[in-house]
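Here is a short report on one protein chain. It starts with a local backbone detail, then moves through selected residues to the overall fold.

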Amino acid sequence: MQGLVIAAPASGHGKSTVTLGLARALRRLGHRVAPLKVGPDYIDPRFHARAAGQPCRTLDGWAMSRSRLDHIVTESKVSGDFCLVEGVMGLFDGAAGEGATGDGSTASIAARYGLPVILIVDASRQAQSIAALVQGFARFRDDVRVAGVIANRIGSPRHGRMIRRALEQSGISVLGLIPRTEDIAIASRHLGLVQAEEDSDLDGLIDRAADVVAETCDLEAILGISGPVVFDQGARRTIIPPPGQTVSVASDTAFAFSYPHLLEDWRNAGAEILPFSPLADEGPDDRADAVYLPGGYPELHAPLLSQGSRFLPGLRSAAARDAAIMGECGGYMVLGRALIDRDGVAHPMAGLLDHVTSFAQRRLSLGYRSARLIAPFGGMVAGTSLRGHEFHYATVADPGVDAPLLTLGDAEGTDLGASGGVRGRVAGSFFHLIDLADTPNHGK
């Protein structure tokens, strides 16, 4: 399988829009595009899946073991003939500490799989200086090959000619000059893009982006610079154990932040996954011996979730029959006594844990996390070491009296203390699980 990486000097240069347009344009040419997204990321992969018509998975070089990364890439080779990887932030941006294959940057993924990089650069506030910028990126790491540039947000034909001349004189391939195009912008909110399922015109937007990419970029040249996906087949990965044999999973736009590889691990371990929609006032399946509430946007739907006649009572009934209940981030908020919205209104929640969370006093918590379980959680024993991340604006207005679930550290190894809560078989925290840390290949 051939492939390449779409990257940028920083966030905001337009790499997501270009990636979506390129995926759809290549699909129109008959290619089976296998999309991948450097993470952590819950939202963008759903856009890529729509553009490519194939599932999109996350690759995380800090939090995932080498064997898991290789497994995900192997699976993409089964579903496609062209691997299209969108990066995260700037090409070389990552964590301060080292993970399984590096710092979690786009560059570490490109280097591991030998994939050439196309740099998307916002040219709207520069002209010839773009060549100096790109040359710096091209020379920064010997194991990362910047194979070409797509200059975005070109202001005029003259501006485009200046950009092309400067790049070509520097020996850098110009693969496209995309003009400013307002009708292909993707809406965003406080945790990133608005979710794919919430955009009724998503396919129209992707089609418009594909039209622009096809008209302004050299698709033949882009295919020509792609390279083979190269890696040594990793050892058999360690599977994250399921919390039960029949797992009821909250799944709608309020609880959408579940990683496909986590649910796949549970299925591979023999668990049955039963989705339900809290926004439709559905409760967990009565047959389930476990309930998983992933992260998402429950704060946007707090009145609806609080006032439903089946969702919260269903959680309490599951707890009463001793089902294991685990909540991550948004799910953790719902398991508490109340969720305070940004206007200061408190909405009663499940009350299965004792904390209260708030958006009235917002504070960003963002970054990779290493974790060690203090109590059993989701089929894992106390003492298990994990890798994941936090990304939330909610704060804990009242910690309550529950015992903590885990201890956290950041990517630099700084101790962040105890976090989350556990009461009987109900547990949760703001921590999003990505992989087990104690796998044979981690850090090797």
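Cys329 sits in the loop between strand S14 and helix H12 (330-335). The model is predicted. Cys329 has a positive phi of about 55 degrees, although it is not a glycine. Its relative accessibility is 5%, so Cys329 counts as buried.

**Backbone exceptions**

Most residues other than glycine have a negative phi, and most peptide bonds are trans. Where else does a residue other than glycine show a positive phi? Asp322 does, with phi near 70 degrees. Asp322 lies in the loop between helix H11 (311-320) and strand S14 (324-328). Is Asp322 buried or partly exposed? Asp322 is partly exposed, with a relative accessible area of 46%.

The peptide bond between Gly39 and Pro40 is cis. Its omega is about 15 degrees. Pro40 belongs to the loop that links strand S2 (33-38) to helix H2 (44-52).

**Residues picked out for their surroundings**

| Residue | Relative accessible area |
|---|---|
| Leu22 | 1% |
| Gln54 | 18% |
| Pro35 | 4% |
| Glu86 | 1% |

Leu22 is in helix H1, residues 15-28. Leaving aside neighbours within four places in sequence, Leu22 is in contact with Ile6, Leu84, Val213, Leu219 and Ile222. Leu22 and Ala210 are 188 residues apart in sequence. Their C-alpha atoms are 6.0 Å apart in space.

Glu86 lies in strand S4, residues 82-86. With a relative accessible area of 1%, Glu86 falls under the 20% cut-off and so counts as buried. Which residues does Glu86 touch, not counting those up to four places away in sequence? The set is Ile6, Lys15, Ser16, Thr19, Leu36, Lys37, Val38, Asp44 and His48. Glu86 and Val117 are 31 residues apart along the chain, and their C-alpha atoms are separated by 9.8 Å.

Pro35 is part of strand S2. Beyond four places in sequence, Pro35 touches His48, Ala52, Gln54, Pro55, Cys56, Arg57 and Leu84. Pro35 and Gly114 are 79 residues apart in sequence, with 16 Å between their C-alpha atoms.

Gln54 occupies the loop between H2 and strand S3 (57-59). Gln54 has a relative accessibility of 18%, which is under the 20% limit, so it counts as buried. Its contacts, again without residues up to four places away, are Arg32, Val33, Pro35, Ala49 and Ser79.

**Nonpolar cores**

In soluble globular proteins, nonpolar side chains tend to be buried together. Here the largest nonpolar core holds 107 residues. Which of its members touch the most others? They are Leu91, Ile118, Leu119, Ile150, Leu167, Ile222 and Trp266.

Ile118 is in contact with Leu4, Val5, Ile6, Ala7, Gly148, Ile150, Leu175, Ile222 and Ile225, leaving aside neighbours within four places in sequence. A second, separate core has 29 residues, including Phe255, Phe276, Tyr332 and Leu353.

**The whole chain**

How many helices and strands does the protein chain have? Its secondary structure comes to 12 helices and 25 strands. Contacts with a separation of 6 or more are 75% from residues 24 or more positions apart.

The protein chain has 444 residues and a radius of gyration of 22 Å. A compact globule with that number of residues would have a value near 22 Å, so the two agree. Along its principal axes, the C-alpha trace spans about 70 × 45 × 40 Å.

Buried residues make up 60% of the 444.

The charge count is 42 positive and 50 negative side chains. How far apart are the centres of the two sets? They lie 3 Å apart.

Definitions and conventions. Residues numbered from 1 in each chain as written. Predicted model: local features only at pLDDT ≥ 70, side-chain atom pairs only at ≥ 80, totals over all residues. Heavy atoms only, no water. Helix = DSSP H or I, 4+ residues; strand = E, 2+ residues; numbered from the N terminus. Rg over C-alpha atoms; globule rule 2.2 N^0.38 Å. Buried < 20%, exposed > 50% of the residue type's maximum accessible area, 1.4 Å probe, protein only. Contact = heavy atoms within 4.5 Å. Lys, Arg positive; Asp, Glu negative; His and termini not counted. Charge placed at Lys NZ, Arg CZ, Asp CG, Glu CD. Core = buried A, V, L, I, M, F, W, Y, C linked by side-chain atoms within 4.5 Å.
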